Amino acid sequence: MNRWLSLLLVLTATPALALAEDWGMGQSNAKIPPSYIFDHVSTPAREITTLAYFSITICAVIFLVVGGLIVYCVVKFPSRGDDNREPAQVYGSNPIELAWTTAPLLIVFVLMLTTVRTIYSIQAAPRPPDAIGVRVIGHQWWWEFRYPELGVVTANELHVPLSDPKHPTPTFLDLESADVAHSFWVPRLAGKTDVIPNRKNSTWIDPHEAGTYLGQCGEYCGTEHAMMLLRVIVEPRADFDRWVAAQKQAWSAEPAVMHGRQIFETTACVNCHTVNGTAAQGRFGPDLTHLMARVTLGSGVAMNTPEHLKIWVRDPSTMKPGALMPAMNLSENDLNDLVAYLVTLR
Amino acid sequence: MAGSIEHEIALGAGRERVSLPVLGRIHEWVVTVDHKRLGLMYIVGGLVFFVIAGLEASAIRLQLAVPNAGIVPPDSFNRLMTMHGTTMVFLVGMPILTGFFNYLVPLMIGTRDLAFPRLNAFGFWIWLFGSLLLYFSYIGGDGLYGAGSAPDVGWFAYAPLTERAFSRGNSTDYWILSVFLTSVGSTATAINIIATAFSMRCKGMTLAKMPVLVWLAVIVSFQILIALPPLAAAQVMLLLDRFAGAHFFDTQAGGSAILWQHFFWIFGHPEVYILVLPAFAFANEIIPVFSRKVLFGYEVMVAASAAIAFISLSVWAHHMFSVGMTPAGNSFFVASTMLVSVPTGIKIFNWVGTMWGGKIRFKVPMLFSIAFLLQFLIAGLTGIMLGAAPFDWQLTDTYFVVAHFHYVLVGAILFMIFAAIYYWFPKATGKMLSERLGKWHFWLFLIGYHLTFDTMHFCGLYGMPRRIYTYQPGRGLETLNFVTSLGVIFQAAGVLFLVINVLTSLRSGDSAGSDPWDAWTLEWATTSPPPAYNFASEPVVQSRRPLWDLKHPEDPDWNYE
Amino acid sequence: MAASPIIASDSRTEWAKTLPYKGRVGIYLLILTESSFFSIFVVAYLFYVGKSLTPPFPRDVLSPPIVNTICLLSSSVTIFLAVRALRSGSIGGFLLWWVVTLALGLEFLIGTAFEWHKLIYHDGLTISTNLFGTTYYSLVGLHALHVTVGLTLIFLVTILTLLGHMEGRHVERVDVLSWYWHFVDAVWIVVFTTVYIIGR
């Protein structure tokens, strides 16, 4: 037995040895409550929880009854070795069959009605005129968020205002994809809605508790599906408005980083990235106008610090193998200047 | 043919033949059209791929045992999970179940072979070729430099990830062609099984007197004929997209990504029942024999199975609740999905009714069957939860779904495959499997199974999507995933006991005799293993349990049917 | 196994006559599974009707192939007559109707070839032009593929008959082949309705 145990230890210790750098994300995540789906802070998630508890209760009762019957048979009817006669043969019984067809039918009917009611109350919720609208665009493997009414574009971290249950200010999300199918999912706010190319989907949230909520892509979308993370930052209206105002400011030149800016604007960076107020207007990668206002980097793969930024720009695949941004192959000096420029994008 | 039968009679029914050189013996198996040999080849082939796919799963669980592990790189992980899923469904589940039907249906209806023996051989070899093609992708999939080898698009290969723009090289083409070929094999077998059951039954066996297993084989075969073509058709379309520049699923030219999902799940959901109905079929034979009672409610069992098969054709979009269907569309599929639980419940009740008042003998096949009953019950109940569309918006594409369908595929189907192996091994080989090793197998596998798949449900509730190659620390997922991975060790140990059991029993197992379980269907009326011609003279039956009638002439079944 | 419930039987052949011919069961099942296959292509066609982003559109380039349709549908009648002739023992009558069937089927294939030639070289429609081209060529092509398979089998039977291998006792097998041909014709009715009536 000892040998088994040591083998077990060796086998389980192997992965621990292979642990990779988590770029500060573990620490950051630990400060945020887990994305437990029943820990709801928004109406859709709450209604789902109610329905879920109802169906789980029914299923638990069925399990106890039917499972109890099975266990009863096993305990009650084992064969005794000495008796070789066959038990009485019972070929069937129509009344009994009818009974155990009708009972499940009734249960299923009740569950069906409850479910349909929840479907309509979530899916057919009216969109109030003052609701915040956000276009969510899924990319391999990051999220683009555009607020058409507010003129804000950001990535991977969705800011929404707190919604007072008495005067709800929900946020409606229009979901589109730039490439393959993804799925938008923030468990504590709402269920998944798929993000599908050549199709417009929508969903809504009305968080009534400020904080940061973790989410991620729910539909397999290729190499880095696992690292297509997102965060939703819910803040009181005043803070949200301040954030919007800050996001709308264009970049103002700081002379100390002009060389870095020049590198940015004369290399391939501009093909994919936008920095408002400069020549960089690419749409393939995240908008970098206010890069440093974001907590994470690479769609949640690393904490957004200048050191991490430098590692990322040197070669994104060290942090996120398969990321579509190429290694930039810059000299160490150029890299330092470029990062110095990037950290001024607040 | 006639010559070889006489040859066998001269040597004594199916016993050790004159030992041929190895090549000669291989040649015999390659050219065989005997349903029993082809059945065994299907089962053994399926078990070999079972071990391969099991190793793939182990690598997946090793990578996920701790957060942020770097053992399996992302691309390799995605290949592993695609190959694991594709292998388990098309290269393990389908051939093993096909193999059992191949072996058992002619024996149970008292005939000498399937209706089209050569078509049967064709089905097997095309299946094997397709299977090898899938694994050849590891060598040949690299159509472009750096374009990857084995397919990495997931077993349901959602468009447009499979289009040329996102999947370069040939890996996806290997997935398409190999799965297509195995479907051709399955279709050939399905036609064969139905034609055999309809046209080859022994005298006295009306349709209403067929063993339930044969009924279920017929129902499953009908499902295969109706549900497999949608996948094959969609695959042809995808192939046209990839090679001829068509636009079926090309979203940039107006094509629809959802259409693929519909086509896939019109196949995909019935496929689940194609795999689970054979498990029901085994339970229908094994539970009565080890409870010493006739199956409770034969007609209802057959009708319920047919109802399941029929309703399952209209539930496919419950895999797509999150794609943004209208509330009415969602509601329709909620209703049909929940409805399918009614006939399924009826089946469980009837098994309980069969055990009730019986004299249960806890041999290994029965142990697996009892575990199957409880686990399938849970699988059905989590299925109801998933059928409640809004709840599904949270659960779909998470580890809760992974847990749910592994409860069906492992907890129900694999457990019943194990039960069937222990039950029919004596018939196929003439040797008993060891009860002692069998119990080790059962308990180890049971423990491992529950460690792995019970905890997976909670990973899903804590927001862990499926198909991720890693997860970050600090999200409350560490312990759950570690326990999940721990279970793999126990399951692997259990399977090891099965392998040891099979190998030792083949060499030195107890002799089985023709009817070791004191059972009632026709396959136990002939020798173990049966001769090439199955029955020396074709039997005549008067009830559903001919051997019961034989053993109880004072109280035969036909008085009650 | 001497006891009564399981005994060898002399009347096995009597019993066997009550069971259906396995070849016919087989062909019905093949037709079932093929129907399922075709219906997916038909659904895809209907789903994409009117969704093409660029011309040519069906209304501008498609005209219903009336002669083709008449030929194919009447070949169902001639193959029926051929099987009936064989059943009544007339090998000559069989061969006559059988060759007529072959000719009618060939006419259909040639007609399709001309239609495609016009679409490709005159109207510039290929499988990759737009969604119409994609669905049109795959659905009509899939059907034409089945016609080709059917014609190949009919041709083989013709050769065997000419070599003198056809006998009255083969009628069940020839009948099975004729069912496949009837199926191919029935599918054409669906394809014709989908492509040239609904889809236009």
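Predicted model: local features only at pLDDT ≥ 70, side-chain atom pairs only at ≥ 80, totals over all residues.
The model as a whole scores ipTM 0.93 and pTM 0.93. Within chain C, the average pLDDT is 92, and 94% of the residues score at least 70. Among the elements of chain C, α6(C) has the highest confidence, at a mean of 97, whereas α1(C) has the lowest, at 79.

The contact between chains A and B comes next. Chain B contributes 85 residues to this contact, and chain A contributes 86 residues. On the side of chain B that touches chain A, the elements giving two or more residues are α4 (74–108), α8 (257–291), α9 (298–311), α10 (327–355), α11 (364–387), α12 (389–395) and α15 (478–508) of chain B. Of these, α10(B) gives the most, with 15 residues. Sorted by class, the side of chain B that touches chain A holds 55 nonpolar residues, 22 polar residues and eight charged residues.

Chain B also meets chain C, in a contact that takes 40 residues from chain B and 33 residues from chain C. Here the elements of chain C that give two or more residues are α1 (12–17), α2 (22–48) and α6 (131–162). The largest share of the side of chain C that touches chain B comes from α2(C), with 13 residues. By class, this side of chain C divides into 22 nonpolar, eight polar and three charged residues. The elements α1(C) and α6(C), each of which gives two or more residues to this side, are also those with the lowest and the highest confidence in chain C, respectively.

An open sheet of three strands runs in the order β4-β10-β9 (chain A), and its pairing is mixed. The edge strands, each pairing on one side only, are β4 (157–161) and β9 (211–216) of chain A. From one strand to the next, the twist averages 25 degrees. Strand β10 (residues 229–235) of chain A pairs with β4(A) in the parallel sense, over five bridges. Opposite H159(A) stands I233(A), a residue of β10(A). Helix α5 (residues 237–248) of chain A packs on the sheet, where it touches β4 and β10 of chain A. The direction of this helix makes about 130 degrees with that of β4(A).

Definitions and conventions: Residues numbered from 1 in each chain as written. Chains lettered and ligands numbered in written order. Contact = placed C-beta atoms within 7 Å. Helix = DSSP H or I, 4+ residues; strand = E, 2+ residues; numbered from the N terminus. Nonpolar A, V, L, I, M, F, W, Y, C, P; charged D, E, K, R; others polar. pLDDT = per-residue confidence, 0-100. Pairing = 2+ DSSP bridges. Axes fitted to C-alpha atoms, helices over the stretch in contact; angles between N-to-C directions.
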